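Me: I'm new to this one. Can you walk me through it in plain words?

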Amino acid sequence: MDQPNKPASNGQVRVHLDRCLWSAQGHVPWTVEEELRAQHFLRADRLRQMTPVLNEVRSQVAADRYRSQIPPEWEPLDAGFIDLPGHLLHQYRSAGENSEVGRILKQAEAIRGRFEQVVVLGIGGSSLGARALFEALKTRYHNELPAHNRLGAPRIYFEGDNFDNDALGDLIELLQVRCVDPSLQEERWGLVVISKSGKTLETAAAFRLLRREGHDYYSKRGDWPGAYVWVITGEKDSRLRTWAEQVRLPADHVFTIPERVGGRFSVFTPVGLLPAAIVRLDITALLQGAADMTQRFLDEPVERNPVLLLAAAGYLLGTEYHKPLRVLALWSSKLAAVGLWYEQLVAESLGKQGRGPTPIASVHTRDLHSRGQQHQEGPRDRFLIHVTLDKSCRAPMLLGMADDDAEQLNPLCRKSYVDLMQAAYRGTVHAYYQAARPQVAISLPALDEYSLGQLMQCLMLATVVEGRLLQINPYGQPGVEAYKKHMVSLLYAKD
Ligand code: PA5
């Protein structure tokens with residue numbers, strides 16, 4: 001098996017289990033640390049024993065893609081996300097502009113040509129994927145850059161994910177201050193509203209307020225909603241779709257989330273692709289990464305299969321080694337929003353029937369100065385999944401010499417920021433290994449669309465496989481309905 005931090009080849013995302021595996025073979029002298037590792041690391045033979053089960057679950061997950069008659073007790077069965085990236089690419093190659101990807105690219109271009117700021121409304125699966133892509137793949141200060149440095153891409157603001165009066169008020173104030181004359185492109189803003197059900201209250205309420213704002217602003221010019229609103233919603237029973245029909249929103253302003261793709265699995269539908277394309281991310285590379293990961297999941301033997309290895313490690317450590325907490329340790333600040341996306345993916349997919357791991361996203365090295373203490377010496381109730389980059393996007397910055405050497409860093413003058421990160425990573429892995437804290441590593445060849453496509457598809461597939469191993473339906477989120485029911489009855493109650 002690969003060593004953690006070994007550069008991945010062929011642009012492939014790799015999963016490494018070395019630092020959580022323990023083998024009874026070989027003559028390792030007895031030490032307290034070795035005894036602890038024997039207790040807390042996965043036994044290599046136990047992992048091997050899982051091979052037939054993993055192959056069986058893989059066949060089941062693969063077969064779910066083709067089921068048309070679905071027994072009620074299997075519902076929901078949102079396996080549509082598995083093949084979708086490959087289908088979209090195939091359709092784009094054969095139908096070009098008339099395909100879904102072609103339509104997305106065309107509308108993205110239209111939006112870029114008309115607006116300097118775009119507000120994306122949505123919550124949960126209708127927001128977190130797009131945000132993860134934006135934060136990981138654009139410069140951190142995209143919105144602060146002048147237009148020409150943004151290469152014509154508008155500023156993007158994510159809202160509609162809370163009932164936060166102040167946060168939405170801040171955004172409206174920003175739009176009012178910055179946008180005074182709707183005839184100037186730099187003073188125009190557009191709205192992309194995303195909701196599969198079309199009735200989520202957080203998104204609907206924000207849409208109402210921004211629609212009112214937009215009406216006041218654009219009616220100065222006699223524009224109507226079609227001029228600045230794009231809708232991404234489900235095929236059926238969506239109030240948002242009904243609204244779009246009522247106001248006769250142009251057909252090319254409306255995108256559909258396929259019926260058999262659940263919210264948190266929808267990043268490779270227009271939900272993630274349209275916002276990504278608006279800011280000029282390469283959505284075909286993103287889809288290619290996801291499609292290649294699906295292929296590897298379907299074809300590769302268990303010992304080389306990133307999805308099955310990740311799912312097996314999570315399942316075994318959670319159930320047989322009593323590690324209910326799962327820390328996704330992201331070794332890049334730009335991956336923080338991928339962490340939020342992952343927390344939702346795991347919590348909503350696997351937190352059912354009193355079971356499932358608790359996901360915790362952590363940005364390193366930042367959180368080594370907070371949670372790090374607990375990971376090292378706290379309860380043995382967790383394992384870590386490190387997500388590392390084989391190279392940074394920008395050229396490494398050297399520390400260099402300083403005459404006063406105030407920080408006493410001159411001996412490190414030839415080290416770069418990348419060297420510091422690598423030393424921190426290696427040091428952390430070593431410290432946790434010595435303390436018998438199990439760790440998995442996922443290495444990304446680069447922080448680009450192709451790697452992110454692979455990573456996100458790998459995490460989605462692994463979550464589905466783990467759900468099947470746990471005998472939990474990973475699709476649907478019945479528990480989320482409870483708060484909504486009480487909230488709605490409180491809101492509609494007569495005083
Ligand atoms: O994963 C899910 O299905 C949920 O997190 C939804 O994405 C979230 O509740 C938003 O739902 P909707 O897109 O219907 O507004």
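Reply: A word on terms before the tour. Helices (H or I, at least four residues) and strands (E, at least two) are DSSP runs, numbered from the N terminus. Residues are numbered from 1 along each chain as its sequence is written. This is a predicted model, where local features need pLDDT of at least 70, side-chain atom pairs count only at pLDDT 80 or more, and totals for chains, interfaces and linings use all residues; side-chain values use heavy atoms, with hydrogens and water left out.

Me: How many helices and strands does the protein chain have?

Reply: The protein chain has 17 helices and twelve strands. Its radius of gyration is 24 Å, close to the 23 Å that the globule rule gives for 495 residues, so the chain is as compact as a globular protein of that length. That radius is taken over C-alpha atoms, and the globule rule is 2.2 Å times the number of residues to the power 0.38.

Me: What box do the C-alpha atoms fill?

Reply: Roughly 80 × 70 × 55 Å, taken along the principal axes.

Me: And what percentage of the residues count as buried?

Reply: Of the 495 residues, 52% do. Buried means under 20% relative accessible area, exposed over 50%, and partly exposed in between (1.4 Å probe, protein chains only).

Me: What about contacts between residues at least 6 apart in sequence?

Reply: Of those, 75% join residues at least 24 apart. Contact means heavy atoms within 4.5 Å.

Me: Let's go inside. Which residues have the most contacts in the largest nonpolar core?

Reply: Trp 341, Ile 442 and Leu 452. That core has 128 residues. Its largest share, eleven residues, comes from helix 16 (residues 449-469). A nonpolar core here is a set of buried Ala, Val, Leu, Ile, Met, Phe, Trp, Tyr and Cys residues joined through side-chain atoms within 4.5 Å.

Me: What does Ile 442 touch?

Reply: Leaving out residues up to four places away in sequence, its contacts include Val 13, Leu 310, Ile 385, Leu 455 and Leu 459.

Me: Which residues does the second, separate core include?

Reply: Leu 325, Val 327, Ala 329 and Tyr 432 are among its ten residues.

Me: Now helix 6. Why is it largely enclosed by the rest of the structure?

Reply: Helix 6 (residues 128-137) is largely enclosed because eight of its ten residues are buried. Among them are Leu 128, Leu 133, Phe 134 and Leu 137.

Me: What do the buried residues of helix 6 pack against?

Reply: They pack against strand 5 (155-159), helix 10 (270-278), helix 11 (283-299), helix 13 (336-350) and helix 16.

Me: Where is Leu 281?

Reply: In the loop between helix 10 and helix 11. Leu 281 counts as buried, at 6% relative accessibility. Beyond neighbours within four places in sequence, Leu 281 is in contact with Leu 133, Leu 137, Lys 138, Ala 276 and Glu 449. From Leu 281 to Ala 153 is 128 residues in sequence, yet 9.8 Å in space, C-alpha to C-alpha.

Me: Is Arg 437 buried or exposed?

Reply: Arg 437 is buried, with a relative accessible area of 5%. It sits in the loop between helix 15 and strand 12 (439-444). Its contacts, not counting residues up to four places away, include Arg 19, Phe 41, Glu 377 and Tyr 432.

Me: Switching to the backbone. Which residues does a cis peptide bond join?

Reply: One joins Glu 75 and Pro 76, with omega about -10°. Pro 76 lies in the loop between helix 3 (51-64) and helix 4 (84-95). Another joins His 364 and Thr 365, with omega about 15°. Thr 365 is in the loop between strand 10 (358-363) and helix 14 (372-377).

Me: Why point these out?

Reply: Most peptide bonds are trans, and most residues other than glycine have a negative phi.

Me: What is phi for Asp 237?

Reply: Near 50°, a positive value in a residue other than glycine. Asp 237 is in the loop between strand 7 (229-234) and helix 9 (239-246). It counts as exposed, at 75% relative accessibility.

Me: And Gln 408, what is its phi?

Reply: Positive, about 55°, although Gln 408 is not a glycine. Gln 408 lies in the loop between strand 11 (382-389) and helix 15 (417-434). Its relative accessible area is 65%, so Gln 408 is exposed.
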